[in-house]
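Reader: I have a model open and would like to learn how to read its features one by one. Could you walk me through it?

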Amino acid sequence: MDEGSFSRVGVVGLGTMGAGIAEVLARGGLAVVGIEVNQDALERGRGHLEGSTGRAVKRGRLTEDAQREILGRVALSTDFADLGDCDLVIEAVPERLDLKRKVFAELDRVCREDAVLATNTSSLSVTDIAVTTGRPTKIVGVHFFNPAPVMKLVEVIATVLTEPDAVARVAALVKGLGKTPVTIGDRAGFVANRLLFGYLNQAAGMLESGHATRDDIDTAMKAGAGLPMGPFTLMDLIGLDTCLEVLDAIYAESRDRRHAASPVLRELVTAGLLGRKTGRGFYTYDGSGETEAAADEGAPPVVGIVGVGPLADALAALCDRAGAQVRDSAADLAGCDVVIEAAEDAEAGRALLLAAAQAAKPGAVLAVTSVDGSVIEQAMATGRPADVVGLHLPDPAGALAEIAATVLTGPDVADRAAALLARLGLTTVRCRDRAGFIVDALRFPYLNDAAAMLGAGYAGADAIDAAMTLGCGYPTGPIADLDRLGPARAVTVLRALHAETREPALSPTPLLIEHVTAGKPIR
């Protein structure tokens, strides 16, 4: 064997993930030994391998000859002794520390002294596993993402005990398999899960508090943040039990309340409602599909826009595309269906909104957009708070409008606001009057977590971005997002969230404040 290469690799545990790892290795031309606890489990593993490669054949991504070659490279066994000639063994059993330690004790017994042993844990401490073995210097974390044959990211985790050569060899193997390795230290959740699950858990808490509905939160994060799926759809896909395990493992290390699992998540898991695999989680999966909301076919509204700046310009362009009439002087506001305040700060917005409230006809919707002041404070200053809603466009050029009702907003006013905005071609979601509405309240704490990770030196900007784009399917990474949205906007929203909740994790990280002060992008 070449000094730096692996030619024969074992995989212990052939569930969906383990079988996927075995397939990736066999596709890369390596001889693979797949181990399961008993014959029934082994046959299920064989089924995973045959099913996955069979689907690739049907889709034209593999020939039948290539499938036979791949399957022919995988030897299946229930005897750990068959791992004796392996250069590298990857453990992929369920996320239980006691079970993983038991597996590694057996690997210690049967594997060569120079063999490298790796764990595919997604959240547990690699060090906790390594110290119970007789070869802690040769224990590495190698975290593949599901489905392993498709996802490009692999996190390679080194403990303080791991030999650098072992880490380098595993990273080289991963790269040779066509994946992108990100080499990092041993922290619960590593990069991708630590960032992802803080956001998912916050979404669950947002639902539980009654801030917004499940559907509106999912819609907001897809239409407003550009994510491939909303947080509740994603949690159901991952499995709520897995989500809970990951959060508990991260919280045990971090003691950060962002990772203290939401009670609603724990309740669903206790009830056995685990998501897609059980037919019900946050959603119910009965094959009926989602019902599309009927589009509002009314004529475009007459819109008043008060204020100047990029947001006012974006709103005017939106109205123009929809064929809506736009009026922007106090004398012309009397006939408007909706008047939108588009000032650049809360104080200026309050003055503009007061003038608009005096000029607008009774029943016209008054919409507040300034993000640095609460909607109710702006509403009280108008003298007609029942007509006031908050309006937030996470991306002024995008398709999402968030509508926030206050405790004084009239019963039908938010409904009318949604209908009017729908006539402008916008997708609307509702929430309560809270800082950040939905999208920014979820997005900026996640970006803050990434900035804190970068500032602590745990991972570089490129590694953090790769973890989220290649491991989670995000369109852009968090550091790139911070530079796109601007550190100043991030700090403004985070300070509003922190002032409202007094939650330490929502205070902007020093790295963000430093870059705002310097007027410099993060990267």
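**Salt bridges and other features**

Author: Gladly, and let us start with a single side chain: Asp215 is partly exposed, with a relative accessible area of 37%. Please keep in mind that this is a predicted model.

Reader: Which residue forms a salt bridge with Asp215?

Author: The general idea is that side chains of opposite charge can pair when their charged atoms come close. Here the partner of Asp215 is Arg214, and their closest N and O atoms are 2.8 Å apart. Arg214 is partly exposed too, with a relative accessible area of 25%.

Reader: Which parts does the salt bridge of Asp248 and Arg266 tie together?

Author: The side chains of Asp248 and Arg266 meet at 2.9 Å, N to O. Asp248 belongs to helix H10 and Arg266 to helix H11, so this pair links parts that are 18 residues apart in sequence. Asp248 is partly exposed at 32% relative accessible area, and Arg266 is partly exposed at 36%.

Reader: And how should I read a salt bridge inside one helix?

Author: An α-helix has 3.6 residues a turn, so residues three or four places apart point the same way. In this model, Asp481 and Arg484 form a salt bridge at 3.1 Å, N to O. They are 3 residues apart in helix H18, residues 478–485, and are therefore separated by about one helical turn. Asp481 counts as buried at 8% relative accessibility, whereas Arg484 counts as exposed at 52%. Elsewhere, salt bridges with shared partners join Asp87, Arg112 and Asp114 into one network.

Reader: How many salt bridges does a search of the whole structure find?

Author: That search finds 27.

Reader: Let us turn to cysteines. How many disulfides does the structure hold?

Author: A disulfide is a covalent bond between the sulfur atoms of two cysteines. This structure holds 0 of them.

Reader: What should I look for in the backbone?

Author: Most residues other than glycine have a negative phi, and most peptide bonds are trans. Arg255 is not a glycine, yet it has a positive phi of about 55 degrees. Arg255 sits in the loop between helix H10 (240–254) and helix H11 (263–270). Phe437, also not a glycine, has a positive phi of about 55 degrees, and it lies in the loop between strand E15 (427–432) and helix H16 (439–455).

Reader: Is each of these two residues buried or exposed?

Author: Arg255 is exposed, with a relative accessible area of 55%, while Phe437 counts as buried at 5% relative accessibility.

Reader: Which peptide bond is cis, with omega near -5 degrees?

Author: The bond from Asn146 to Pro147. Pro147 is found in the loop between E6 and E7.

Reader: How would I read a helix such as H6?

Author: Begin with its span. H6, residues 164–176, has 13 residues and reaches 18 Å from first C-alpha to last, close to the 18 Å expected. Next, look at its buried residues, including Ala166, Arg169 and Leu173. The buried residues of H6 pack against several elements, among them helix H1 (16–27), strand E4 (88–91) and strand E8 (180–185). Just after H6, Gly178 takes a positive phi of about 90 degrees.

Reader: Which residues have the most contacts inside the largest nonpolar core?

Author: They are Leu83, Leu107 and Phe282, in a core of 114 residues. Apart from that core lies another, of 37 residues, with Val11 and Val170 among them. Beyond its neighbours within four places in sequence, Phe282 is in contact with residues including Phe232, Met235 and Arg214.

Reader: Finally, what does the whole chain look like?

Author: The chain has 20 helices and 15 strands. Of its 523 residues, 53% count as buried. Its C-alpha atoms fill a box of roughly 85 × 50 × 40 Å along the principal axes. The accessible surface comes to about 22000 Å², and 52% of this belongs to carbon and sulfur atoms.

Methods: Residues numbered from 1 in each chain as written. Predicted model: local features only at pLDDT ≥ 70, side-chain atom pairs only at ≥ 80, totals over all residues. Heavy atoms only, no water. Disulfide = S-S within 2.5 Å. Helix = DSSP H or I, 4+ residues; strand = E, 2+ residues; numbered from the N terminus. Expected span 1.5 Å × (residues − 1). Buried < 20%, exposed > 50% of the residue type's maximum accessible area, 1.4 Å probe, protein only. Contact = heavy atoms within 4.5 Å. Core = buried A, V, L, I, M, F, W, Y, C linked by side-chain atoms within 4.5 Å. Areas by Shrake-Rupley, 256 points an atom, 1.4 Å probe, with all protein chains shown as cover. Salt bridge = Lys/Arg side-chain N within 4 Å of Asp/Glu carboxyl O.
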